[in-house]
Amino acid sequence: MSHLIIFDMEWNMGYAPKTFDYHGIEENLRGEVIQIGAVKMEGQEIRDTFRVTLRPRIFRKLHHRVAKVTGLTQKEINAGLPISEGLRKFRAWCGEDAVLGEWGQDDMPVLKQNLFLVGQDESWPGKWYDLQKVYTAQRPLKEGEGMALETVVDRLGIEKEDSFHDALADAMYTAKVMQFVDIQKGLETYPDDEAQLKALLCPPDKDRHDFISWPGFVDGETWRTDNTMRTANCPECGRPLKPDSADLWLSKGKNCLYSIEICRQHGPAMVWLRRSQLDGLHYRFARATEKADKTAQAKWDHEKKAAAERARRKREAEAAERQNGGRPQSAGRPQQKPRPMGHKMG
Ligand SMILES: [Zn+2]
């Protein structure tokens, strides 16, 4: 049985955004790691701990918000190990057969981005777990219960000896929380990336078909141009659907696109695309289709009109901006979100 490393990181933010090139794609650096804390678990038992403070080389100035949350000082991070050395040390301590877990999904993308930026193998670790998912699978949340680490620690009555937002303290609290569930069973039944997307795209209350997913893209905009992704098959006869006249795709949040496509024989179907970027570097896309009844068609027509209206207003605002050569007026305009499917038309 491989052991589980429960880890937590603190990372520094920049006062200005920083992008980097990942195989030809411009990525946003989410943060630069300044502290790693970790706990080695064997089964339900805590076996070892790890802690390192790292000296950043990109975001060198400690952001005041990070300082406030973590209690770290500029002096402390300046005295930290060089980031590449610290990351190597962490990996060595984890051991080659380790699997990693964190409370949530925020740290792994930062870790992988940082590994890449210091020239280390960002494909490590190959497997990691969102321990919130592992925990809630066995202890489902009750109405109104939150998932913040401190909230859960309070709920379970775990003694609070250390302050939160210290990497090792948070990893240790996470380990103590995980002792309340069967860790091994949780890891064995954990939904992989594809299963997680499927759960989002095909919830039990929707009649969605033909789930398919495509992993490993560095370009997050692939779904806007890739015909394989955009051309679905009819949920009834399986023949390729044709885009409707406008070939328009609307977005719902930043990770969902949908459109309506037509089967000559069976009429329109809604096509849903989703994307996820769990490691901060690679995207997985997925698709499902759903027969479009009268309500869905009317809703789509309504949303299409609203999108056209938004585009028109945006063009006008941009034209006005060009005319008076002044400050941008269109920036920050809140986009009206389409209502969820199944919502009764007003
Ligand atoms: Zn058909």
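User: In β5, which residue is the bridge partner of Lys40?
Analyst: Residues are numbered from 1 along each chain as its sequence is written. This is a predicted model: local features need pLDDT of at least 70, side-chain atom pairs count only at pLDDT 80 or more, and totals for chains, interfaces and linings use all residues. Strands are DSSP runs of E, at least two residues, and helices are runs of H or I, at least four, numbered from the N terminus. In β5, Lys40 has as its bridge partner Asp48.

User: In which sense do β4 and β5 pair, and over how many bridges?
Analyst: Two strands pair if DSSP finds at least two bridges between them. Along β5, Thr53 stands opposite Gln35. The sense of the β4 and β5 pairing is antiparallel, and the count of bridges is eight.

User: Which residue in the turn between β4 and β5 has a positive phi?
Analyst: β4 and β5 form a hairpin, with two residues between them. The positive phi, about 60 degrees, belongs to Gly43.

User: Which are the edge strands of the six-strand sheet?
Analyst: The sheet is open, with mixed pairing and the order β6-β5-β4-β1-β7-β8. An edge strand here pairs on one side only. The edges are β6 (81–82) and β8 (128–130).

User: How far does α7 reach from its first C-alpha to its last?
Analyst: α7 covers residues 167–178, twelve in number. The expected span is 1.5 Å times one less than the number of residues. That expectation is 16 Å, and the helix comes close to it with a reach of 16 Å.

User: Which element supplies the largest share of the side of domain 1 that touches domain 2?
Analyst: An automatic or database assignment sets the domain bounds: domain 1 is 4–190 and domain 2 is 194–292. Thirteen residues of domain 1 are in contact (C-beta atoms, placed from the backbone, within 7 Å) with six of domain 2. On the domain 1 side, β3 (25–28) and α4 (107–117) each supply at least two residues. The largest share, six residues, comes from α4.

User: How far apart are the C-alpha centres of the two domains?
Analyst: The centres compared are those of domain 1 and domain 2. Their separation is 32 Å.

User: Over which residues is the pLDDT below 50?
Analyst: pLDDT is the predictor's confidence in each residue, from 0 to 100. The chain mean is 91, and 94% of residues reach 70 or more. The stretch below 50 has 20 contacts in the model beyond near neighbours in sequence, and covers residues 328–346.

Conventions: Two residues are in contact if their C-beta atoms, placed from the backbone, lie within 7 Å.
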